[in-house]
Amino acid sequence: MDDYVIHFLEKLSRFTDKILFVTNGDLPEESAARLAGVVSEIVVRPNTGFDVLAYKEGLARARLGRGYDEVLLVNHTCYGPIFPFDELFGEMEKRDCDFWGVTAHKEITPNPLTGKGTLAYHLNSNFIAIRSRMLRAGAFRRYWKAIQGKATYEAAILEHESVFTDHFRRLGFVCECYLDAARYGTHYPALLDADETLTDRNPLLKRRLLFQEPSHLEEYSVDVPRALDIVKNTSDYDMELIWRNAVRAAPLRALTTNAALTSVFPDTRINADGPKNWGRIAVCAHVFYPDMVDELLDLGENIPCQYDFIATTETEEKKKLIEVAAGRRSNVRRTIVRVVERNRGRDMSALLISCRDLFLEDHYDLVCRLHSKKTPHLHTGRSNVFKRHMFQNLLNSPGYTANVLDMFRDSPWMGVAVPSIIQMSYGTLGHAWGANRQRTVEVAERIGIQAQFDPYTPVGAFGSMFWFRPNALRKLFAHEWVWEDFEAEPYPLDGTLGHAIERLVSYVAQDAGYTTQQILCRRLAEWNFGVLEYKLQKLTSVLPNANFSAQADFLHHWKMANYRSRDMPLGARTAPMMPQAWRDFLQACRRSLAYRFGRLGKNPIV
């Protein structure tokens, strides 16, 4: 039972005599206990029929003959009240109607759920109020008696949400909507014009905005970041209620994209006069190359407060060199250098085994993980770009680092900050799992992590350098790793436990209820944006001129045809393509094009 639900019900209880809480599925005792002081009755029912059958059962138990003035049918799919419910109920009290809602879906032809006919104008079913005349009507009881419940989401919409409003309007009942759908440019204002409805004091924010497939929102230019900014800047709603739920419910890549969980910071502190109460800070570095220790300590100079320098290395000789170098730095409060027992697993084993106690015993509020990176198997240009991408996006300057520290302090739900995925001269985009997906899944199961992994590009700590709250990664440190878990030298270039863990870091934080933020310094953000824009325009220039979703569908069908060209397989010059395979591919593409291009703008989200 997430806090946003409790908060919503507490605020709603001021305007109700009774709250009947219906849950589809088991309710933990702890959640039931939290609800006990807020709701009048709890009904636990099977997880069938979506919210439609829950509404039906709730209405049956509400004993409408007792003479309620109004019954609210409300579900859990929104955050709120973003703005006080006094505004909503005060306005709707003035309107003479039989039933009303907060937002509505416009009429649209053809019906996107069936491909034919018309989807009628209808109130969104997440919040509908029915007044006494309609409650007492035989037509109302007959409507609900006929509801059987459907097995799919789309069928459930067709059975109830999309027909309820039109059905009762045709019977002569008067409907009102708090926010007039005609004011907005899309057919589904609550979702697709969320920011604009919030400027009109919409008290509800759809949760779906944070976990919807990003390309669908991009197609309609849905400005989720602006919507969140409006909530943050014009409402007293606690943003932590949103983030604690979203990080539990949303696929991490979708959440990162939709909510723009990427920060580009300048080299001057944004909150120049703000406090510097950042807590206990540490830099934890694995130093295999002692000639890089001063470079790592130079990065530490960009931390605008004192910090502990924790280092691991593999020899006593290197340990002494590190201690001497750190001793010369005035902002290093304390130096801890540990010699690893085994040179096996490199920086990752050193972090999880040699430093385990430091991050389980609550010594630090925030840690920056670094290591001496040279990547000798790559040519100098590529290895240096990768290193600078890590170092500069984590600790670029005192002002930049102050902004990172401010971000963590002001966002207690944020657990990890990583540089954006390295893509400059690396083929990571869409292929970042490499040979590591199955290994990552196995490690997640081993340490008890529940995660929805992105199929192509995880939100990862690539390069295994990142900022983190120890509490966010507790499960990673709590597991008792042993040296034999990690691969011996010569260390494989991919597919190791270390490679799996760097892809798992953000999901460990997510499992603990924390978000991950991608961070970039301004210079590298400018360069990366320009290169990404160039790559994308060059790629799409050889595709049909259409929106991104259509182009992605086209390429998906080509992939399903095993990337065959018209005459021969990709990369081959001997075996011609079988005519039937080519015809199948073309037919699949035609279906995709007809669906996407022929109905562009007529294939909406509902």
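Two strands count as paired if DSSP finds at least two bridges between them; helices (H or I, at least four residues) and strands (E, at least two) are DSSP runs numbered from the N terminus. The model is predicted: local features need pLDDT of at least 70, side-chain atom pairs count only at pLDDT 80 or more, and totals for chains, interfaces and linings use all residues. Residues are numbered from 1 along each chain as its sequence is written, and side-chain values use heavy atoms, with hydrogens and water left out.

An open sheet of 4 strands has the order S3-S8-S5-S9 and mixed pairing. Strands S3 and S9 stand at the edges with a single partner strand each, so one side of each is left without a neighbour in the sheet. From one strand to the next the twist averages 20 degrees. Strands S5 and S9 run parallel and are joined by 3 bridges, with Gly101 opposite Cys177 in S9.

Helix H7 packs on this sheet, in contact (heavy atoms within 4.5 Å) with S5, S8 and S9. Axes are lines fitted to C-alpha atoms, for helices over the stretch in contact, and angles run from 0 to 180 degrees between N-to-C directions.

| Pair | Angle |
|---|---|
| H7 and S5 | about 150 degrees |
| H6 and H7 | roughly 160 degrees |

The axes of H6 (residues 138-146) and H7 come within 12 Å. The two helices are therefore roughly antiparallel (an angle over 145 degrees). Residues of H6 including Phe140, Tyr143 and Trp144 meet residues of H7, among them Val163, Phe164 and Phe168.

Notes
Angles under 35 degrees count as roughly parallel, over 145 as roughly antiparallel, 65 to 115 as roughly perpendicular and the rest as oblique.
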